[in-house]
Amino acid sequence: MMKVCCLIVIIICTIYLTNGGLLTGQCLASNGKCGTKGLTCEQKFGQGWIKKGRCCNKNPCCGEDESKVKPEINYSCGFETTVQCIFRQKSLDDFDYTRGSGFTPTVGTGPNSAAEGLWYMYIETSTAIQGKAVLTTEATNLQACPWCLSFQYHMKGKTLGTLRVLAGDKTSSLSSIWEKTEEQPNPDSWKTATISIPLYSNLSITIEASKRSANAEWGDIAIDDITLKSGTC
């Protein structure tokens, strides 16, 4: 039965090719994607995507229009002012990040200064509230393309939780694409995270800092100097 089905698919594809159609089981275009019937490539994948043929299922084969050079899009968050940047405090998280400068209140935890400039964002695990603080891009309509996220992070203390980056379509659940747990090696130094984010139609990115438990007493998680650029890392 399986051989018969495969033979039918091969015959159908051959007929389309004979009629001059541009189709295979997958897109012929370099880095192409099969679109959705009834939607243009631009509606499906965003500005700059055009039809470059068809797939065997008659859906359009979409690819980026290489004749149009897209300007690089850059967002940055250094927390040097109180004006919120592209990464904003999420209203439905358990608590908010705190904007800080210099040492954090708990002795022996957190950074001594910002990674860049004077200010940074952090959470203290010594507070009684359990859960997570979230910075999110959900209020911004990001272009449908790959993105490169980088930021500085600092994790010092004996009772830390997890720093996590999630990404995905904002209309569904997000997936974890990067995380660090507990105190990091050489804890007095800021570390650099560089994360490649694949193409999503309605991209949302979150940076979550969570506490291990409500009884955690000693530790801080801090972030600074966030950069989000269109394109691959």
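**Strand pairing, core and disulfides in a predicted model**

Thr-136 has Thr-206 of S14 as its bridge partner. The structure described here is a predicted model. The bridge belongs to the pairing of S9 with strand S14 (residues 203-210), which is antiparallel and runs over five bridges. Both strands are part of an open sheet of five strands, arranged in the order S6-S9-S14-S11-S12 with antiparallel pairing. The edges of this sheet are strand S6 (88-89) and strand S12 (175-181); each has a single partner strand, so one side of each lacks a neighbour in the sheet. In general, the strands of a sheet pair through backbone hydrogen bonds, in either the parallel or the antiparallel sense.

Overall, the protein contains two helices and 15 strands. Of its 233 residues, 43% are buried. Among contacts between residues at least 6 apart in sequence, 72% join residues at least 24 apart.

The mean pLDDT of the protein is 83, and 81% of the residues reach 70 or more.

Thr-137 lies in the loop between strand S9 (132-136) and S10. With a relative accessibility of 0%, Thr-137 counts as buried, because the cut-off for burial is under 20%. The side chain of Thr-137 reaches the backbone nitrogen of Ile-205 at 2.9 Å. Residues up to four places away in sequence aside, Thr-137 touches Ile-86, Phe-87, Leu-142, Leu-203, Ser-204 and Ile-205.

The largest nonpolar core has 34 residues, of which Phe-87, Tyr-97, Leu-149, Phe-151, Leu-163 and Ile-223 touch the most other members. At least two residues of this core are supplied by each of strand S8 (119-124), S9, S10, strand S11 (162-169), S13, S14 and S15. S10 provides the largest share, five residues. In soluble globular proteins, nonpolar side chains tend to be buried together.

Cys-41 and Cys-62 are both buried.

A disulfide is also formed by Cys-77 and Cys-85, with their sulfur atoms 1.9 Å apart. The link of Cys-77 and Cys-85 is right-handed, with 110° about the S-S bond. Cys-77 counts as buried at 2% relative accessibility, and Cys-85 is buried with a relative accessible area of 17%.

Cys-148 is joined to Cys-233 by a disulfide with an S to S distance of 2.1 Å. The torsion about the S-S bond of Cys-148 and Cys-233 is about 110°, so this disulfide is right-handed. Cys-148 lies in strand S10 (residues 147-157) and Cys-233 in the segment after strand S15 (219-230), so the pair ties together parts that are 85 residues apart in sequence. At 13% relative accessibility, Cys-148 counts as buried, whereas Cys-233 is partly exposed, with a relative accessible area of 47%.

Cys-61 counts as buried at 1% relative accessibility, and Cys-145 counts as buried at 5%.

Terms used. Residues numbered from 1 in each chain as written. Predicted model: local features only at pLDDT ≥ 70, side-chain atom pairs only at ≥ 80, totals over all residues. Heavy atoms only, no water. Buried < 20%, exposed > 50% of the residue type's maximum accessible area, 1.4 Å probe, protein only. Disulfide = S-S within 2.5 Å. Helix = DSSP H or I, 4+ residues; strand = E, 2+ residues; numbered from the N terminus. Polar contact = N/O pair within 3.5 Å; in protein donor to acceptor, adjacent residues only side chain to side chain. Contact = heavy atoms within 4.5 Å. pLDDT = per-residue confidence, 0-100. Pairing = 2+ DSSP bridges. Core = buried A, V, L, I, M, F, W, Y, C linked by side-chain atoms within 4.5 Å.
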